[in-house]
Number of protein chains: 2
Amino acid sequence: MKIFAEIITVGDELLIGQVVDTNSAWMGKKLNQFGIAVNRITSVRDDSKEITEAVNSALKRVDIVLMTGGLGPTKDDITKTTLCQYFNTELVFDEAVYNNIKRILAGRIPMNEQNKSMAYVPKSCTVIPNHVGSASISWFDHQGKVLVSMPGVPDEMKTAMEQEILPRLNKKFDTDFILHETYIVKNYPESVLAEVLEEWEDKLPSFIRLAYLPKPGAMRLRLTAQGEDKAKLEETLRLAEEGLRKILKHDVFAEDDKPLEEQLGIWLRKHKYTVATAESCTGGRVAAKIAAIPGCSDYFNGSIVAYQNSVKRMQLGVQSATLEKHGAVSEETALEMVQGVCKQLHSDCGIATTGIAGPTGAAPGKPVGTVWIAVKCGDKIRTRLLNYDHGREMNIERTCNQGFFMLMELLQELK
Amino acid sequence: MKIFAEIITVGDELLIGQVVDTNSAWMGKKLNQFGIAVNRITSVRDDSKEITEAVNSALKRVDIVLMTGGLGPTKDDITKTTLCQYFNTELVFDEAVYNNIKRILAGRIPMNEQNKSMAYVPKSCTVIPNHVGSASISWFDHQGKVLVSMPGVPDEMKTAMEQEILPRLNKKFDTDFILHETYIVKNYPESVLAEVLEEWEDKLPSFIRLAYLPKPGAMRLRLTAQGEDKAKLEETLRLAEEGLRKILKHDVFAEDDKPLEEQLGIWLRKHKYTVATAESCTGGRVAAKIAAIPGCSDYFNGSIVAYQNSVKRMQLGVQSATLEKHGAVSEETALEMVQGVCKQLHSDCGIATTGIAGPTGAAPGKPVGTVWIAVKCGDKIRTRLLNYDHGREMNIERTCNQGFFMLMELLQELK
């Protein structure tokens with residue numbers, strides 16, 4: 001059966017742009033794995049009328065409503081009392097929640113009225129244990145539907161979802177299977193790809209949806225299949241992929257809905273290669289992305305972030321003559337950077353970046369957005385010039401992705 | 001006058017968790033600066049019925065509806081046709097948009113049917129120029145209200161908002177002033193802070209709202225004032241701050257709604273100090289955060305990311321004896337790392353991190369989440385131990401914030 005959920009996130013900080021809602025994307029991904037599709041995400045203010053209206057209309061549309069936020073001990077936290085009004089119930093003291101609060105405070109933080117207030121829970125709900133925080137989590141059964149109210153703290157929400165809420169939802173609802181396959185395509189602008197794939201796309205059955213997801217430095221295609229017969233979905237996706245490969249051949253690249261750096265890590269581990277980065281304009285972000293992947297110590301040696309030219313010379317061994325003749329933002333400097341970091345950090349592979357991220361720093365013949373990237377794997381070296389300005393943040397992000405992409409191409413050629 | 005807006009973001013990728021909606025937070029912040037409060041953010045699927053329902057209910061609640069997404073050249077992009085149905089109009093060919101598409105394709109990408117389709121715009125709308133992309137931007141005036149449909153590509157949305165849409169909204173609506181003041185408070189858990197501030201909080205006038213924003217390694221307080229009389233708002237905020245400082249004294253820290261690394265940059269520039277980082281568990285993220293701030297080349301020298309012990313020894317000069325006796329995750333190693341990087345990169349200030357980010361890597365007496373941080377400024381050095389596990393991502397993020405916080409404390413003592 002097609003089961004839909006909606007997510008409601010509560011908090012003024014989301015509406016005034018002080019906090020980016022990252023919880024919803026995480027929840028969406030997890031719910032999909034359990035065969036539950038997210039119909040809508042709504043962020044509302046810390047306002048009782050707004051919360052009530054959002055809850056009421058969501059419960060009309062879907063079977064499952066998951067809420068985060070507004071459960072702290074302070075006066076701006078009103079989700080609990082609002083839900084009590086909505087479900088026509090009252091707050092009662094809960095001994096188990098109180099003991100959990102004591103456990104979390106652990107003697108380091110005093111038990112005061114504010115903290116104690118978190119031990120009051122809606123009478124008609126099922127209290128879900130919060131293993132890593134002090135706020136209570138409420139599960140309401142309501143006319144065959146479910147509403148769960150969780151803390152907005154990502155770690156508390158994630159632990160509760162994984163350990164308690166997803167298993168309970170899975171037990172209660174008879175859900176469809178939802179399968180996603182994602183492909184990375186190189187060498188195609190979106191519009192040209194759409195043209196090339198039109199005939200293939202038109203033949204996809206109605207229970208498969210195709211999406212184009214352009215991202216800096218790569219185009220992604222996503223196929224989503226939903227239905228009750230898992231084997232049929234898998235077989236249809238397999239046939240669709242076959243058709244896709246027939247058209248795009250070697251331009252269909254990695255085929256996994258993983259960040260590029262995670263895919264790169266898998267390949268590096270497979271080849272037993274190590275990697276290091278030499279970064280100027282990306283300022284350590286290439287390294288930080290590699291290091292964000294658990295287990296990266298198997299292949300990640302480290303990085304030299306050479307923001308100043310003196311660091312390029314001293315730590316990476318870039319020649320003064322190179323910097324003088326060609327400038328810090330040049331193919332020659334990028335080459336010496338990648339060679340230098342592989343040598344200094346005893347690394348098989350390397351990624352080097354040097355460019356003008358902007359908004360300032362442009363030089364004659366080198367406008368903002370000019371970036372040279374060099375990658376190395378064993379004896380193979382490759383360089384690429386990027387020369388579009390999309391603003392500092394995008395320039396940096398795109399350079400990281402291109403660097404991963406280029407090193408993956410080198411590794412792919414080894415296969 | 002209180003003017004509210006709502007944001008509607010369109011795209012399956014948001015609902016299945018493939019993409020985090022960062023556009024809305026950016027828009028919320030900008031709208032606030034123009035005196036427009038965001039009432040609600042809604043993310044909907046690429047589904048005509050869903051989009052229509054979201055648009056219809058948003059236009060009932062507020063004066064301004066800003067939409068992003070679903071304007072690309074492919075079949076899953078249906079925002080434009082859906083809006084045509086909703087506003088009872090049709091698509092017509094627009095010569096200016098067509099020429100803009102040609103300009104963006106710049107001969108690099110062929111003009112095909114897909115790209116040409118983007119030159120068709122709703123007849124009843126005002127077309128807003130898209131300076132950095134090919135999709136058209138539509139402004140609908142509807143019964144005294146406004147709906148604007150923009151591309152979801154962050155760069156295109158941001159340029160259109162700043163150069164075209166915000167100025168036009170400002171001209172059309174007679175808006176309130178909305179002022180925010182944010183304070184960083186140290187040494188207080190949320191519940192204790194709430195208790196200490198209760199009396200002060202109760203005396204705040206009704207047009208001022210207080211919010212508690214816990215973040216990894218720091219507590220933030222935000223005061224929001226909204227009204228027509230800017231001078232009165234400013235004076236009331238000033239008095240509120242005076243009261244706050246009387247209670248919290250030196251525990252009220254930086255007072256700016258900037259990322260810590262941006263505030264740190266301002267102080268470093270003021271003191272004419274340079275900074276470098278030596279990173280193990282954070283893997284370059286401290287450096288990357290510093291480097292994300294425009295103009296950081298004034299004070300950022302670079303970083304040595306020493307993920308492997310050999311890099312700690314060779315590049316940072318950490319003694320083998322230290323690593324053997326105390327381990328890589330130790331106060332001693334953190335100290336030698338920060339001293340090493342300041343020396344090697346000729347830097348006045350330094351931040352060093354070494355820890356076990358998890359989920360693997362725990363050792364006897366050193367569980368996941370154990371992190372040593374050392375900061376240095378001139379002759380002053382300080383270290384701190386973090387010993388809570390909040391998951392790899394949070395462990396890294398919190399370590400970065402703590403590092404900035406610690407160095408800012410050192411700099412503050414110099415003032």
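Biologist: What should I know before we start?
Modeller: This is a predicted model, where local features need pLDDT of at least 70, side-chain atom pairs count only at pLDDT 80 or more, and totals for chains, interfaces and linings use all residues. Residues are numbered from 1 along each chain as its sequence is written, chains are lettered from A and ligands numbered from 1 in the order in which they are written, and side-chain values use heavy atoms, leaving out hydrogens and water.

Biologist: Which residues touch the most other members of the largest nonpolar core?
Modeller: A nonpolar core is a set of buried Ala, Val, Leu, Ile, Met, Phe, Trp, Tyr and Cys residues joined through side-chain atoms within 4.5 Å. Buried means under 20% relative accessible area, exposed over 50%, and partly exposed in between, with a 1.4 Å probe and protein chains only. Among the 40 residues of this core, those that touch the most other members are Leu316(A), Val341(A), Leu316(B) and Val341(B).

Biologist: Which elements of chain A give two or more residues to this core?
Modeller: Helices (H or I, at least four residues) and strands (E, at least two) are DSSP runs, numbered from the N terminus. In chain A, the elements are β12 (275–279), β13 (300–306), α14 (331–344) and β15 (370–377).

Biologist: How much space lies in the largest cavity?
Modeller: On a 1 Å grid over the protein atoms alone, a cavity is a set of points where a 1.4 Å probe fits but cannot get out, and lining residues have an atom within 4 Å of a point. Grid points are joined across faces, edges and corners, and a volume is the space filled by probe spheres set on the points. The whole structure has two cavities of 30 Å³ or more, and the largest holds about 170 Å³.

Biologist: Which element gives the largest share of the lining of the largest cavity?
Modeller: Of the 17 lining residues, those closest to the centre are Asp21(A), Ile41(A), Ser43(A), Asp21(B) and Ser43(B). The elements giving two or more residues are α2 (23–33) and β2 (36–44) in chain A, with α2 (23–33) and β2 (36–44) in chain B. The largest share, three residues, comes from β2(A).

Biologist: Which element gives the largest share of the lining of the second largest cavity?
Modeller: This cavity has a volume of about 40 Å³. Its lining includes Arg209(A), Arg222(A), Asp12(B), Asp46(B) and Asp76(B). The largest share, three residues, comes from β10(A).

Biologist: Why does Val368(B) count as buried?
Modeller: Val368(B) sits in the loop between β14 (349–355) and β15 of chain B. Contact means heavy atoms within 4.5 Å, and beyond its neighbours within four places in sequence, Val368(B) is in contact with residues including Ile356(B), Pro359(B) and Asn395(B). Val368(B) counts as buried because its relative accessibility is 15%.

Methods:
On a 1 Å grid over the protein atoms alone, a cavity is a set of points where a 1.4 Å probe fits but cannot get out, and a pocket is an open set with protein on both sides within 12 Å along at least five of seven lines; lining residues have an atom within 4 Å of a point.
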